[in-house]
Structure formats: C-alpha cells, structure tokens
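My notes follow in the order I took them.

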Amino acid sequence: MLRIAICDDQTEFTEHLYKLIKESFAKYDYDLAGIQIYQNGHTLLQDYDTGTKFDIIFLDIEMSSVSGMEVADKIRKMDSDVFLIFVTNFSDFMAASFKVEAFDFLVKPIFQENIDEVLTRCIRKYEQQHGHVVVKTNLGMATIYLNHVVYIKSDLHYVTFILLHQKEPIRSKMTLNEVQQLLHPFRQFIRCHQSYIVNLDYVQEITPQKLFLNINDLVPMDYLPISRKYTDSVKKQFLLFNLKTGRFSS
C-alpha cells in the first residue's frame, strides 16, 4: 500500500493534485494507504524527524517558508527510497533536482495524464524494489526478489526459478499453476507456455512461436516458447505492459 504526501503552500493546487492522484488510483488495481497534505516544508520535515515516511512525495520547489529543494535534500538524507517528484512553475530548477535523485520533475499546470504517467512508473518501480515471494525448498524457506526472476519453468512436480546474476536456480515443489496464483499481484509475470512463466521486464521481442529475452546469455536460455493456447494473451499483455512502462509510446 502506497503512502503519498503533497507539500505545496498553494491550497488550490494541493486540492487539485489530490483529486488527480485519487482519480489515477481509481483506475489501478492497487492499494493507496492515504494522501497527506502539507502546506509547508517545515511540517513535513517535523513528521519525518518523528519517524513518518512516505513512498511518494509531490514537492513544490518555490514555497515561501523553506524551499522544496532544501526540504528534499534533508528528506533524502533520512530516506533513500522515497520517490521525490518536484512540481514547479518553472523548468529552470530541473538540473538541481538531480542532486537529490528526484524521480521526476513536473511543470505546472499539471493535468490528469501527467499524474497517470508518473504514478504508473512509480508503481512499477516500487514493485521492482519491494516485490518478493517466499517459497519452500529442500534446504528450507527461500525469499525470492521478483526483479531478479527472469522466468520460471515447470519440471515434473517441481518449478525452477531462473534468477539473473545467480548461478544456482531455486527449486520448489509446486505446480506452475500455484506459482501463477502466487505471482498474480505482480503484472510483469505472464504465462507463455504450459511449462513457463516469464518476467516481461526481460522480454525484448515476441514472434508467433518464440519470446526473446534481453539477458545477454546470463541465464540458460535466451528465448522461451509460446504455445498456441497463450499466443493472443501474450501479445496483448506484452503490448499493454510496454505501453504502461513507457518502453513503447502510444
């Protein structure tokens, strides 16, 4: 569940941005823990000092009491993971935003499509950073971080998780249907064959019968088969995934 903060000293704008964010999340099958509004950077920093944290902060640069850039610099020292999104009337501050590792930089006026696009990328990045599953292996329980999973293959009564940059795959006594159910909340994983589930993050190209991976020989196979049963759904999900993540433009 994502926690979002808006920090801007213009009440009319914070209300506008609040509505845009709510409308974006209404389109997603994704939980929003809440949106907290701050009228100045001092209050936001006070909350951070007491342990409050957010996943995403929309931060105005040109606030009267303390600049958004100063607020961002102090927050970044306390929280290396939060997505900082600057909102401003001018583009002149863009270069400075890189110093605090801003996720994005939006110039007012802000429209629904701007928020939809940036939140889609935030959610995608958040899932990459935080998504994981725990499975039972012959050696005990193993935590698998999903951004490392290239594909999963079925082998009799076991499944094997093929991981990037890891020589030894992880095997678990499960069916591929059980894995598919386990990975259902994570939209980057799709079934392409009776024996394979693939992470779309690592898919470069699809043809009628094969799905090519962009992994530069770092895993045993650089392509996977697509069975006729899944052809249409794979094409559709591949296109939607790339449109949402910005790899293709509409």
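I started with Lys27, which is exposed at a relative accessible area of 53%. This is a predicted model, so I read every value below as computed from it.

**Entry: Lys27 and its partner.** I looked for what the Lys27 side chain meets. It forms a salt bridge with Asp116, at 2.5 Å from N to O. Lys27 lies in helix α1 (residues 11-27) and Asp116 in helix α5 (residues 112-130), so the pair ties together parts 89 residues apart in sequence. I then checked the cover on Asp116. Asp116 counts as buried, at 16% relative accessibility.

**Entry: Asp60 and Lys108.** Next I took the salt bridge between Asp60 and Lys108, whose closest N and O atoms are 3.8 Å apart. Asp60 sits in strand β3 (residues 56-60), and Lys108 in the loop between β5 (104-107) and α5, so this pair ties together parts 48 residues apart in sequence. Are these two buried or exposed? I found Asp60 buried at 2% relative accessibility. Lys108 is buried too, with a relative accessible area of 12%. I also noted a network of salt bridges that links Asp8, Asp60 and Lys108.

**Entry: Arg121 and Asp104.** Here the closest N and O atoms of the salt bridge are 2.2 Å apart. Arg121 is in helix α5 and Asp104 in strand β5, so the pair ties together parts 17 residues apart in sequence. Arg121 counts as partly exposed at 24% relative accessibility. Asp104 counts as buried at 19%, because the cut-off for buried is under 20%.

**Entry: Ser172.** I moved to strand β10 (residues 170-172), where Ser172 is placed. Ser172 is buried, with a relative accessible area of 2%.

**Entry: helix α7.** I finished with Leu239, in helix α7 (residues 231-245). Leu239 is partly exposed, with a relative accessible area of 43%. Together with Leu240 and Leu243, Leu239 makes a nonpolar surface patch of about 230 Å². Phe238 is also placed in helix α7, but Phe238 is buried, at a relative accessible area of 7%. I checked one distance from there. Phe238 and Met174 are 26 Å apart in space, C-alpha to C-alpha, and 64 residues apart in sequence.

Note on methods
Residues numbered from 1 in each chain as written. Predicted model: local features only at pLDDT ≥ 70, side-chain atom pairs only at ≥ 80, totals over all residues. Heavy atoms only, no water. Patch = residues over 30% accessible without salt bridge, like charges linked within 9 Å, V, L, I, M, F, W, Y side chains within 5 Å. Areas by Shrake-Rupley, 256 points an atom, 1.4 Å probe, with all protein chains shown as cover. Salt bridge = Lys/Arg side-chain N within 4 Å of Asp/Glu carboxyl O. Helix = DSSP H or I, 4+ residues; strand = E, 2+ residues; numbered from the N terminus. Buried < 20%, exposed > 50% of the residue type's maximum accessible area, 1.4 Å probe, protein only.
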